[in-house]
Amino acid sequence: MGFHSGTFAFGAFVVSLAKVAWLVLVFAKNKESASLNPVAAALTRVSACIAQCVERFLEFVSEHAYVEVALRNMSFCDAAHSALALAVRRPLLFGLVSQVSNFVRCLGIVVVSAATTCIIGALLLWHAPTGVQSINTPIIASFFVAFLTAEVMMHPFSVAARAALHCYCLDHERSAAIGLPAPTYTPIEMRAFIEENAERGDGSEPARRCCCF
């Protein structure tokens, strides 16, 4: 990974450009909202929506491209192309992994923050240090510290989930190319979980609304 520092920098630069463009258009949208020109306001709002969609798309592609870089030693553009191709071929699987990893990440952050705050609050109530007039400030400070710590601790889980997803896809394609009926190196439990849940996308869920509204 030490040979791909330029790859990481290029991916972050692309996402940053999209984010800057979105921020500029949001500023223009807020400015035009107060004007009396409805056409300019509508065009600015649509442009901001498109910019935000592009930003989210680039963030998604870059996150999975970094996994491809680590697994297959590719350049950023080739890795982004490979990651996007996998996401197009397996949209339900990518959506499943994203939902599960986000849920577990949020759950871990909530549990760590709440547990740490409760423990600190209980210690301050039972063994209040001398000279402390109110325990509210230490409790609030401990919550923010616990929240930041939990965010740092749970972020690798999302990365590991994406890496496991790419490993499964690569294993599945390799096994299919040589005529094997199932992935060779994927654990049986993981394979059963993926096969059971990835086939449930029957289109019954309502369509997601645009990011503008």
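A: A helix here is a DSSP run of at least four residues, numbered from the N terminus. The model is a predicted one. F8 lies in helix α1, which covers residues 5–33.

Q: How many helices and strands does the protein chain have, and in what order do the elements run?
A: The protein chain has 6 helices and 0 strands. From the N terminus on, the order is α-α-α-α-α-α.

Q: What makes A28 partly exposed?
A: A28, which also lies in helix α1, has a relative accessibility of 27% and therefore counts as partly exposed. From A28 to S47 there are 19 residues in sequence and 9.8 Å in space, C-alpha to C-alpha.

Q: How much of the protein chain counts as buried?
A: Of its 213 residues, 28% count as buried. As for contacts between residues at least 6 apart in sequence, 64% join residues at least 24 apart.

Q: Why is the pair E173 and R89 called a salt bridge?
A: The term needs a side-chain nitrogen of Lys or Arg within 4 Å of a carboxyl oxygen of Asp or Glu. The closest N and O atoms of E173 and R89 are 2.5 Å apart, so the pair is a salt bridge. This pair links distant parts of the chain, with E173 in helix α5 (residues 136–177) and R89 in helix α3 (residues 76–89), 84 residues apart. E173 counts as partly exposed because its relative accessibility is 29%.

Q: How many salt bridges does a search of the whole structure find?
A: The search finds 2 salt bridges. One of them joins E151 and R105, whose closest N and O atoms are 2.2 Å apart. Here too distant parts of the chain are linked: E151 is in helix α5 and R105 in helix α4 (residues 91–126), 46 residues apart.

Q: Are E151 and R105 buried or partly exposed?
A: R105 has 19% relative accessibility, and because buried means under 20%, R105 counts as buried. E151, at 27%, counts as partly exposed.

Q: Which residues make the contact of α2 and α5?
A: From α2 come E63, H64, V67, E68, L71 and R72, and from α5 come R162, A163, L165, H166, C167 and L170. By class, the contact has 6 nonpolar, 2 polar and 4 charged residues.

Q: How do you know that H166 counts as buried?
A: H166 is found in helix α5. Its relative accessibility is 0%, and buried means under 20%, so H166 counts as buried. Apart from neighbours within four places in sequence, H166 is in contact with H64, V67, E68, L71, A83, L86 and F94.

Definitions and conventions:
Residues numbered from 1 in each chain as written. Predicted model: local features only at pLDDT ≥ 70, side-chain atom pairs only at ≥ 80, totals over all residues. Heavy atoms only, no water. Helix = DSSP H or I, 4+ residues; strand = E, 2+ residues; numbered from the N terminus. Buried < 20%, exposed > 50% of the residue type's maximum accessible area, 1.4 Å probe, protein only. Contact = heavy atoms within 4.5 Å. Nonpolar A, V, L, I, M, F, W, Y, C, P; charged D, E, K, R; others polar.
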